[in-house]
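Here is a briefing on a protein model. Look at the sequence and fold before reading on.

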Amino acid sequence: MIRRRLRVLALATVVAGSAACLRPGAAPPQVAPQPPAAAPTPAADRADPSTREGRAQVLDAVVEVLQENLALPAAGQAPPLQRLRERRQELLEAADAATFYAALSELLAAAGTRHLYLYRPGRDLFDRPREETRLVGATLTDINGYSFVGDVWEGGPAHEAGLLYGDELLPMQGQAPALDPLPAGVESVTLWVRRTREGEPFYLTIPTVAGDTLWYLAESTRASIRTVQMGACRVGIIHLRTFADEDLVEEIITGAHFDEADGIILDLRGNQGGEIRLAGEVFDLLTREPSVWIHYRQRAYPFPATSWNRPLLVLVDGTTGSAAEIFAAAVRARGLGTLIGATTAGQVQGSRLFPLPDGSRLLVPVTTVTLPGGAPLEGNGVRPDKPVPRPLMYAQGDDPPMARAVQILTAELACPEPLPPERFPHQDLGPPEGGGPAGEPVP
């Protein structure tokens, strides 16, 4: 059985520890291992961004936080602060609070990292209003003004209803299509779907569920776990969508999902990270470092078998970010498996949340990540060993990277076809002399 190992420092060869944080749409940001920030400002004492004085307080606090904590590549250290100083008057004279927040967010985004971000007051860490949202487990991608289904989460309502990756969603009654997240109170959505370029559109009604996005990412991961028979071999497949759920990671590293598998395909597409500590625990499960060997004649055997030491393939793409791409980089650095797909996002900096005087929170990158040899991972990403594109438009659910992973793993394992049941030729020897048992005649 695969056993959980207590060591969680396996990623030290790739990154000096920090907790990787994310922008909206994947998993709640985690706090890097630093002293806790001050408590949020009570509502009664908050600065009012609708006034010039309130905006000045916010800007002064942002400048102070960035001066003391911002960690960007050397070439990018000055621009955010410089732009704040250059545009201070414009920000102070904003027409209203909404205009102020929009301009400040635009200025921060120009730094080129999703780990520098302003979460406005009253919004959650997915940058949505703090109220119940509804989900169907699917997201949209815009291509030249056309809407295509870019992801369908395993086990969710959209998956169960038959929505496919690459489906085009057409406008209905002049309204653009919408998927996750949906407003509170929306019990179902009706979509007008076109599956092929020349195909006839059809309607698809999908019920929604209420839930936190992080919870849903974990549930989708659980629904994705399966074992596929390939000839005489068994391949474990898991679409690990987040490193931000401790219970999920605990299940993966202590469970027996793949104890009998001959190889594993780990899908990190869409995984925008979470907590680097949890990514390290999963990575630790895969390391090949047996401490004791038993030598018998010309062979050596590890004892105990404390880690996964069978073939590993990891699927990545441009939606693989933060802790997930650090994980992928570590797999390559340690030679644990083959990366298949497309280059990762290149957004890996560990970040912290800092409260501001208006009740908003500023996400700031506080660490940098380098590969062995000193090359920065930020802005570059991890390139796959086997580049395999996955076209989106009218894909009808096709997944070439997964198909390629199966093909490679089948060849690597050399899975033979199962042998047919052994049959012995029947030979009728006739009844024994004297009849059957106790002298009874044999029919």
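How many salt bridges does a search of the whole structure find? The search finds 16 (a side-chain nitrogen of Lys or Arg within 4 Å of a carboxyl oxygen of Asp or Glu). This is a predicted model: local features need pLDDT of at least 70, side-chain atom pairs count only at pLDDT 80 or more, and totals for chains, interfaces and linings use all residues. Residues are numbered from 1 along each chain as its sequence is written, and side-chain values use heavy atoms, with hydrogens and water left out.

**Salt bridges**
- E168 and R194 pair at 3.1 Å, N to O.
- E168 lies in strand β5 and R194 in strand β6, so the pair ties together parts 26 residues apart in sequence.
- E168 counts as buried at 2% relative accessibility (buried is under 20% relative accessible area, exposed over 50%, partly exposed in between; 1.4 Å probe, protein chains only).
- R194, at 22%, counts as partly exposed.
- D399 bridges to R269, with the closest N and O atoms 2.8 Å apart.
- D399 also bridges to R390, at 3.6 Å.
- R269 is buried, at 7%, whereas R390 is partly exposed, at 27%.
- Shared partners join E246, E275, R277 and E281 into one network.

**Nonpolar cores**
- The largest core has 37 residues (buried Ala, Val, Leu, Ile, Met, Phe, Trp, Tyr and Cys residues joined through side-chain atoms within 4.5 Å).
- Helix α9 (323–334) gives the most to this core, with 8 residues.
- A second, separate core of 28 residues includes A103, L116, L362 and V366.

Terms used. Helices (H or I, at least four residues) and strands (E, at least two) are DSSP runs, numbered from the N terminus.
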